[in-house]
Structure formats: C-alpha cells, structure tokens
Amino acid sequence: MPYEHRIVEPKWQARWRASRLHRTTFDAKRPKYYALDMFPYPSGSGLHVGHCEGYTATDIITRWKRMQGFNVLHPMGWDAFGLPAENYAIRTGIHPRITTEKAIANFRRQIDSVGFAYDWEREVNTTDPAYVKWTQWIFLQLWKQGLAYEGTVPINWCPSCKTGLANEEVSQGKCERCGAAVERKDMRQWLLRITRYAERLLEDLALVDWPESTLAMQRNWIGRSEGAEAVFRLVDREGWPGTEEIKAFTTRPDTLYGATYMVLSPEHPLVERITTPEQREVVRAYQAAARNKSDLERTDLAKEKTGAFTGAYAQNPVNGEKTPVWIADYVLATYGTGAIMAVPAHDQRDYEFATKFGLPIKEVVRPADGRPPEPGKAFCDDGVNVNSGVIDGLPTPEAKKKICAFLESKNLGRATVSYRLRDWVFSRQRYWGEPIPIVHCRNCGAVPVPEAELPVRLPEVERYEPTGTGESPLAGIAAWVETRCPTCGGPGRRETNTMPQWAGSCWYYLRYLDAKNDRAAWSPEVEKQWQPVDLYVGGAEHAVLHLLYARFWHKVLFDLGHVSTPEPFKKLRHQGTVLAFSYQDGMGRYHEPGEVELRGDDAFLKATGEKLKVSVEKMAKSMLNGINPDDVVAQYGADVLRLYEMFMGEFELPKPWDPRAIEGCARFLKRVWRLVEEFDAAKAPAEDPHLRLRHKTIKKVTGDLDRMAFNTAIAAMMEYVNELVGKGATREDLLTLVKLVGPFAPHLGDEAWEKLGEKGFLLQADWPTFDAALTVDAVVRLAIQVDGKVRGSVKVARDASEDEVRKQALAVPNVAKHIEGKTVRKVIVVPGRIVNIVVG
RNA sequence: GCCGGAGUGGCGGAAUGGCAAACGCAGCGGAUUCAAAAUCCGCCGUCCUUACAGACUUGAGGGUUCGAGUCCCUCCUCCGGUACCA
C-alpha cells in the first residue's frame, strides 16, 4: 500500500493530541533541556517556510533529546502586540484583538499541520491581560530600581508610524519597520536605563555560545571605548579664567598637546551661556539649522563640515594654550560628553574642519618608524609623541597612561570609559501595546499603580488613529485617563503612552515555565528547574534589538533575585534565510512558478515559450516567489517539508528553495517506508551484513544532531538506506533506521514503528546507541602517494604495523613505477589514512 | 571606511591538515512497461586517451608542511551589520 501522508499525518497528530504526548514533564533524576523558538508575530499572511526552518530544527533536537531521556521543555506562543493589526484597525475599525485572534488560530493550525511537538498547555500571548499584568509588574520593578524614568529628550520620531522609536529601531536614518526618514523631536518619554548595565551586557557575552556575528553586533552596539575626560576651563579674551568648564571625551588623550580648538554639539547646554553677544546671531542660526536637519541629512551631508564660532575660549589643561570654542553638528550631543577637543593633526574629521575654517594644525605624534606622515591627511595611527611636554618621546600607549595620571593629579581630568549605547526610549504613542502602569498626580508626581490593581487594561476606543501630536489614542478617552492618585487619592491622570512591542518578548521565555501562575510571574522552583534556555533559535534580525533588551531585563531580574542565571539564553543559533527562484520576462514582469516550465537550468513561460530570467532572491510578494508551507504539506506532506528544510544546506546559511530538489527528500522517505512495509523476516538476511554501517550511521547521526548539522545527518541516513535497499535489511536495521528518521519525519516514524509491531510512540523509545569498536572497519584501504600524488592503494588490516604497510605500499606496481630510479627519502604512514612516499 | 560571514562540478552542497566533489537535484544510458509515470541498475568536475595511464582543478597570488579547500600573509568579489561614536 502506498504511503498516504494525507491520512497518516492527521492520524498521528490526533493520537499525539489525545494522549497529551507533548506535555512537559519534569523528573528531577533526569537532565533538562529547554529549547526555545523566537515566538512569532501572528501576521495575517501566516507561517512561511522561514519560520518552519527554525521550528523544525528545534523540533528535531527536542524529539532527539527526549528519546535520550531528557526532561524537555518546548513551548510556543504569540508576540501579539504590534503595528500591523493596529494599522488594520485604523483602516477597518476592526479591533486588533479580533484580527490577532484570527491570525493566531491560523498559525496554530499551520504549526500543528507540520507536526511540531509544542506543549500547547503552556502557550502564552503577550496581549492576554493575564500576561500584560506581569509585563507591567516587571516594569514597576524597574521603576522601583530607578531604571525607568521620564525625560524630555530628543527622540527618533517616525512620521509614518506616528510614534517615537528606540535608537535600535532606526537603521541608516530610517524607520526600521516602514522605511520612512525619522525626524528628531523633543518629547516627554519614558526611558529605561539600560546604560547602567552596559558593562555587564558586554562582559557577559563571554558566558554564552552565540554566533560570532551576533556577538560582534552586540559589542559594536554597546560600543565601549576607553579614553579620558579632559577639563578645559573657559577663559575671557585676555586669558583670565572664568567659572565655566567644558569636559571633553577623547580616546586619544596622548594628543592633548595638539588640541587647537574645541567643538561642542549644537545642543550642548553650555552653548547658550558661553556664546558672546557678537556671535549670538550666527550661533542661534546654526543651532536652528542643525535642529531642522533630519538625522539622515545630518549624516548624509557629512562630507562638508559646517560649524559656528561661539566667541568663547577655553584653556588647554596641559599647556595653558587658549583655544577657540566652536559648535558643529559633526559632534553628537548623545555621545561622550557632547564636546570634543579637536586635534586636527591626528583626527581626520577635525582636520577637515580645521582646514575649512583656517584653524591651526599642530603635529604632536610622529610615525614610530620615522617615515613622513602622508600630506593632506591626519595621522591617526599610534606613534611617538613630539612637541608634547611631559609625554615627549613616549610611544602612544605609554603617553596615554602618563597623561591620564598627569590630568588626574592636577584634578583636570581622568581616565574614563564611554559607551555608544543610549538609554532605551520605551514609550510608544500608539494604542495596541501594554499601558505603562503609572498615574500622574499633581501633588505626588508619577505614582505606580499598586501591584494588586494590575493589569491596567486597555480601554475600548472608537478610533485607533494616533494623534500624531505625540499622544496616543488613549489620551482621548477621558473616562480611562481620569483616575485617582493611588497615593493621595486626589485626581490623577493615567499615563497614556504604551510599551513597545519588545516589552512582551523580554520575558516570555520565563512565563513559559509557569504559564498559568496567577500569583506570580513564575515560581522560583520552576525557574531553577528549567533556566537557562539551552537552545534558542530565531532570525538574525533580532541580533541587537530583542536579544539586547531581553538580556537587560534578565540581568535586572537576576539582581533582584527573581532569576538564578546571569544570562537567559545559553546557546543561540540563527536559521539562514530561505531564498527562492524568481522568474522575470523581457518586460521585467515577474511570473509565479506555476506559469513556468523548467528545462535543465533554463525556465520558459508556458503560455508563450519565452525564455525567462531566473534569479535567486529573498521571498517577496512583489516577486511572486513565496513558498507557502500549506501548499507543500498538501502536496508532499509535513515530513517531506521538514526533511527538505533541513537538507537544503547548512542550517545557519542562506539557501535557495529548489522546488525540484524536494523530490529527492520525498523519494528518500518513500524508500524508508517501502523497506518497512515490504519487510519479511523470512527473507531478511540471516547474518547481519550491515552491522558496522549501522553503528557508523548511529554515530554519524548522533554527532551531527549535536552540532546541528542536519543536512549531513540526513545524507548519512540516505547512504544507509541505499545500502539496505540494495542488500536487504534485518529487523534490527529497520528499528534503528526508524528511530533515526523519527525526529526528522515523526509521522512516518510512528507509522513505521507501529507497522514493525512496536508498542507506544516512537518518542517514548530509546535513542539507539553505538559500539565505538564497530564504527571502524577491520580492513581499510589506504591510498598511496608518491610525492603527494595518489599512485595506488593497498588493503591492510586496520591495526597493521607500520613496517607491514610500508612493505606493501612499495610493492604496488604503479607505485613502484613512480619510485623507479629514485631514492626513497622518507615514508610517512598515517594509520588508517594514507601513506606518502617522498622520493628525491 | 570599520566589524562579521561566505566564495568548491551544470545546481544545492560534503570533506578532525591525509584519496576533493559524500548525499541530493538536473542530465545521460539501460532494465521493467503495449506506452508513460513510478521503481530499479549504471554513468556523470575539466582536458588528453579506444583503454590503461596521465595532466589540471576548491575566487587570485604568495608562504608554512612529506601533504593545504582546511593554517599564515596580501588581494579580489558577494552577503549581513554599522557608520562624523571623538
């Protein structure tokens, strides 16, 4: 009987559900394994094959771990706040909750149809009031620590999404979500003091097993740089000291003697006070111009330096020289102290500025090897100091140390560390998010909503439209906004900003541990049982956003004693993007695969026969190259989908979906099924012809699963099956094969298990073990090289002596031919591998 | 510019410093079939050759080594991140 995936797959899915097979259990005598997928935003377009790739990987790993006797936790949930549902509500008036619920139902149906072994009894939904309650509770813990604060700061405002964004949500001056150019806007905001954790967020990256690229991105984002703060006192025109001082941050304190002017950012608070009356007008005009530039313009027009002189002078702390103070937008208000000492001889930006405005350039560092510095450019490398008073003649690293000590002794500065990381702008002026649980009271200020009154629920609104003036739609609901102050009982107003979508995902991995607990976010006992996450799988696009925010919250919770590990995610892997072929005609129009006929590597339009341009690109609606998992499941079945997802290539690399190559996986599973179905104990080989191959295959698959090398594990199973098809399988071969295949193709696994007369589910069987002695051959074929070129081979016993191997190797006719007339200088025997004969 | 990753047959891709191209796709030949599909068997990097034998080949160029796709140096191309961060 042919294998009918349309019947078999739903049958086993129903049986798994009925027996609650995927429910999490915990037995203290066994090791635990927590495998986590980044939970999806339940979008209207449903699951795509990219989701399936990551989910399949964790599913295979957890099934394998479970067969190895681990306690396994493998949950799933929904990151369900977010703009798409809200924007849809604006257009249609349909409540985001309704849209979201529908999308979730569809996602669940799709996930179940692929046979993923999630424990749905722990499902979480970030928009569920029972979940929001604890998100708000964590916010209040942050608030109590002084880690959440209000401030009026210039923020990134997306005019299209009509909300403020965090620095992390802006990419190249554009809104990461919609691509609109962001504007700077001064607004009252809630911020989280993530900068207080900068050092630990950086240091503790040493504790995790994450992809190098992601670690690098986090390090870059945190942007630690060591340097010094130097204090420049303001002086009047005659050089008499004034009362104000400017702190400048520099990573090159060794160039302090070369500082010939100073630059403040246009927003620097001191500008107002130090600008002389004559310069006031120019300075104000420049400030206004800088303010009106978008971030994009400010960086785009970077080639040409601009600035204005304030009329003020400051005194260089080491040589007392009088340096003019300028403002320029190449100095950022948000980095370091917002002020720099300019050393045009040794900083390219300062050099350009000095050249443009005719400011002096003074050389204080020379290349150590004595070569002349390149003309027309600043010399920015390390070297040896000249014209530098107390650090004259010192190489750069020592000069840095000595000048810092000098500054410190004079109380004019000190060694310090600066970070690029900024505090996290945490409020959004939108409806569909967690309300920030704060009440504003005229007498008591910002007052937290008492924990017993959480959650603060979202009110029903008529219109979802953001006001665009910096207030959320909530601000218009007087009945909701107006409340009592929890402290004094007087009139109070609720905070109308909501939290960003990242809030819910900052701690969902903890809620899974104790998803139904209504007295606490989670209990300490289960936290200790399951934390940390052993394997976290998701897209690389969250390398800085979600992964940095979640680590931050986790560390705060760690400091408060709510979690027991310093890091939440021990091992992290990103699935590679699944690409797809797209087909374009001569007019540049895209055609979907159904309209295309493939012949070899070429593609033709069925209707006209026109040859089409084939390219490999990201899946996108506009290119009509999306692959819908529903279609794949319908045509080939979930097992084939899962197997192909893993067989395409290395898990972490991008790889193209080839609609033809999936056939190979379908064929493989058919062969497995036929072996099982046609098995006849009476006709099976009497001896055990595949003993060694079987043990080798177990070893290979087990080792590959450990490295998440799914593609080579599948290749090893294919080799095994090819052998079994050719030479006949024993019952032992089939039991082993089915166990190995099971995690990859669980429906076929259970069907075959049952067909072989075994009881229970495959998931309850033991993972096969191997005997190391049986994974090597007794007789091996060694290649013989002469001067590194293969000239023949010999078959010898694995443990043959070196002398024996050498004797046989030299006797091989073709080898002898190549040695003839030459002296054998050396014979290298690598046991079990190769023989190399070096001749002269 | 800086940081990270990757360049291997027609294609997707394998290779603890030890026989490059496992496994799969496509292609070619054969068996089965009235025929086709499905299935099974075989071939399949390039050049030379009837064959044996050989030469060449992992983005380019150097180096280390008995031996390099793998290690080191220089460079090129593609992808991702980031960018006036002092």
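Arg420 sits in the loop that joins strand S18 (413–418) to strand S19 (424–425); helices (H or I, at least four residues) and strands (E, at least two) are DSSP runs, numbered from the N terminus. In this predicted model, Arg420 counts as partly exposed because its relative accessibility is 39%. Buried means under 20% relative accessible area, exposed over 50%, and partly exposed in between (1.4 Å probe, protein chains only).

Apart from neighbours within four places in sequence, Arg420 is in contact with Asn220, Trp221, Ile222, Gly223 and Tyr335, where contact means heavy atoms within 4.5 Å. Thr334 is 86 residues from Arg420 along the chain, and 8.4 Å separate their C-alpha atoms.

## Basis of the values

Residues are numbered from 1 along each chain as its sequence is written, while chains are lettered from A and ligands numbered from 1 in the order in which they are written. The model is predicted, with local features needing pLDDT of at least 70, side-chain atom pairs counting only at pLDDT 80 or more, and totals for chains, interfaces and linings using all residues; side-chain values use heavy atoms, with hydrogens and water left out.

## Chain A overall

Chain A has 840 residues, of which 53% are buried. Its secondary structure consists of 26 helices and 35 strands. Along the principal axes, the C-alpha atoms of chain A fill a box of roughly 110 × 90 × 65 Å. Of the contacts between residues at least 6 apart in sequence, 72% join residues at least 24 apart.

The chain is divided into domain 1 (29–127 + 502–573), domain 2 (225–418), domain 3 (578–627), domain 4 (664–774) and domain 5 (777–839). These bounds come from an automatic or database domain assignment. Taken over C-alpha atoms, the centres of domain 3 and domain 4 are 38 Å apart.

## Nonpolar cores

A nonpolar core is a set of buried Ala, Val, Leu, Ile, Met, Phe, Trp, Tyr and Cys residues joined through side-chain atoms within 4.5 Å. The largest has 163 residues, and those with the most contacts inside it are Phe139, Trp424, Tyr508, Phe552, Trp553, Trp657 and Phe710. This core lies between domain 1 and domain 4, because both give residues to it. A second, separate core has 44 residues, including Val263, Ile327, Leu359 and Leu407.

Beyond its neighbours within four places in sequence, Phe552 is in contact with Leu142, Leu192, Arg193, Ile194, Tyr197, Leu201 and Trp424.

## Gln575

Gln575 is in the loop between strand S25 (572–573) and strand S26 (578–584). With 18% relative accessibility, Gln575 counts as buried. Its contacts, leaving aside neighbours within four places in sequence, are Gly50, Glu53, Gly54, Val537, Gly538, Gly539, Phe651 and Glu652.

## RNA strand B

RNA strand B is surrounded by 61 residues, the closest being Thr251, Tyr335, Arg349, Arg671 and Arg781; a residue is near the strand if one of its heavy atoms lies within 4 Å of it. The nearby surface has 22 nonpolar, 17 polar and 22 charged residues. In these classes Ala, Val, Leu, Ile, Met, Phe, Trp, Tyr, Cys and Pro count as nonpolar, Asp, Glu, Lys and Arg as charged, and the others, Gly among them, as polar. Helix H22 (residues 710–727) gives the largest share of this surface, six residues.

Phosphate oxygens of RNA strand B lie 2.4 Å from a polar side-chain atom of Arg667 and 2.3 Å from one of Arg671.

Notes
Polar contact = N/O pair within 3.5 Å; in protein donor to acceptor, adjacent residues only side chain to side chain.
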